[in-house]
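Please read it alongside the coordinates.

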Amino acid sequence: MEPVTILTIWIIVALIIIGVYTYVWSSSLQPHQQGKSPHISRWRKPLFIIMIVVLGSLLAYSVPRVPYAGGEIPDVVVYVTGRQFGFVQSEHSISNEEEFANAAGYQPQISVGQLVEFRVTSLDVNHGLGIYGPDGRFLGQTQAMPMYLNRLFMKFTEPGVHTIRCLEYCGLAHHAMQLSFEVQPSNNQVGSLSSRRVQ
Ligand code: CUA
């Protein structure tokens with residue numbers, strides 16, 4: 001489902017709920033109905049059933065369609081591991097400090113338009129993983145959690161240095177948890193754009 005469709009449905013449902021609440025609120029203002037309100041109680045049960053049916057159907061319809069790349073095979077897989085206070089990216093999964101240290105400096109080969117799967121975990125506490133484009137725009141995020149692998153699928157539209165930043169406060173040097181990777185121009189862009197070095 002298109003994001004705009006989801007937003008439209010959400011706005012319609014929100015307006016209906018606001019309408020019902022406004023109606024109930026305005027009815028409750030009439031003094032002669034205080035305490036007992038047969039008019040409202042008559043509607044209580046059918047409205048409750050309608051709410052369960054409408055919200056239940058929307059949930060059943062929308063949840064299986066959440067926008068993850070279903071069944072697509074990624075062009076690049078990058079493991080990203082966090083720990084206080086840094087990230088590393090690697091070709092293989094990392095489960096201890098030694099592997100973490102060995103992975104330092106690894107740069108994945110990513111080009112514009114490729115489907116990239118980030119497999120994200122943590123060696124200690126919960127960290128957040130946010131990905132920012134060359135212009136500093138926020139592009140995507142997931143959590144880096146100990147004993148758990150989160151998968152984030154992304155396609156980059158711009159070449160250049162992208163930055164990973166920790167998005168969850170994890171200790172005194174939380175702000176220092178940063179990492180960068182470079183997205184290369186896709187084949188038909190090579191030549192028109194000069195590539196930059198990653199520090
Ligand atoms: Cu890791 Cu904040």
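1. The model is predicted, with local features requiring pLDDT of at least 70 and side-chain atom pairs pLDDT 80 or more, while totals for chains, interfaces and linings use all residues. Residues are numbered from 1 along each chain as its sequence is written, and side-chain values use heavy atoms, without hydrogens or water.

2. Strands β5 and β6 (residues 138–144) pair in the antiparallel sense over six bridges. Strands are DSSP runs of E with at least two residues, numbered from the N terminus, and two of them pair if DSSP finds at least two bridges between them. Y132 stands opposite F138 in β6. Five residues lie between the strands of this hairpin, where G136 takes a positive phi near 85°.

3. β5 is also joined to strand β8 (residues 160–166) by four bridges, again running antiparallel; here L129 stands opposite C166.

4. Because six of the six residues of β5 (residues 127–132) are buried, the strand is largely enclosed by the rest of the structure. Buried denotes under 20% relative accessible area with a 1.4 Å probe, protein chains only. H127, L129 and I131 point one way, and G128, G130 and Y132 the other way.

5. An open sheet of four strands has the order β2-β1-β4-β7 with mixed pairing. Its edge strands, β2 (86–90) and β7 (150–155), each pair on one side only. β4 (residues 115–122) and β7 pair antiparallel over six bridges, with V120 opposite N150.

Notes. Buried < 20%, exposed > 50% of the residue type's maximum accessible area, 1.4 Å probe, protein only.
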